[in-house]
Structure formats: C-alpha cells, structure tokens
Amino acid sequence: MAKTSKIIKQRQRELTVAKYAERRMKYKKDSVNPHLTQEQRDEAMRKLHALPRDASPTRLRNRDAIDGRPRGYVGKFGLSRINMR
C-alpha cells in the first residue's frame, strides 16, 4: 500500500496536467513550427519553460487503482501484480 500523501500528490499532478495540457500542446507545436520566425519560436519555448514542472505528463506515475502501489503495474487492468493474483 502506498503512502496516502503520495496518492494525493499524484491526483494533484493529474489535475495540473489536465489544466495545462492544451497550452502545453500549443507551445510545443509553435516551438517547432518552421513557418514561424525564430523569435516567435523562442517565445513559445520560453512560455513552455514557464509552465509548472508538474504540468508535464511525464511526471505522472502509473499506480494501482486499489491501493496505489507504484511498482509492478499492469496497464491493461490498472492493477499491480499483487492485486492481479
């Protein structure tokens, strides 16, 4: 069983990722768009870097739906190997 604080922090990160997803996608797209000027691309990259760290989806961790265990996660079922048994 994972610590309750870790599970709560994970939920907060999920909300942050959802909140900034649209902006993040736009800035990433603009930062590599060859039709924009270099200054516009640099500005998009600055805005992307200004977003909170927890807005990145790579900061999320797959956790067991029952007890929040972070290791041995089976994605097809959303459970850890222990709860699969």
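Is Ser31 buried or exposed, and what is its relative accessible area?

View 1. Ser31 is buried, at a relative accessible area of 14%; buried means under 20%, exposed over 50% and partly exposed in between, with a 1.4 Å probe and protein chains only. Looking past neighbours within four places in sequence, Ser31 touches Arg41, Ala44 and Met45 (contact: heavy atoms within 4.5 Å).

**View 2. The elements in order.** Starting from the N terminus, we get α-α-β-β-α, that is, three helices and two strands. These are DSSP runs numbered from the N terminus: helices are H or I with at least four residues, strands E with at least two.

**View 3. The overall outline.** Along the principal axes, the C-alpha atoms fill a box of roughly 55 × 25 × 15 Å. Buried residues account for 25% of the 85.

**View 4. Contacts across the chain.** Take the contacts between residues at least 6 apart in sequence: 43% of them join residues at least 24 apart.

**Notes on the model.** This is a predicted model, where local features need pLDDT of at least 70 and side-chain atom pairs count only at pLDDT 80 or more, while totals for chains, interfaces and linings use all residues. Numbering runs from 1 along each chain as its sequence is written, and side-chain values use heavy atoms, leaving out hydrogens and water.
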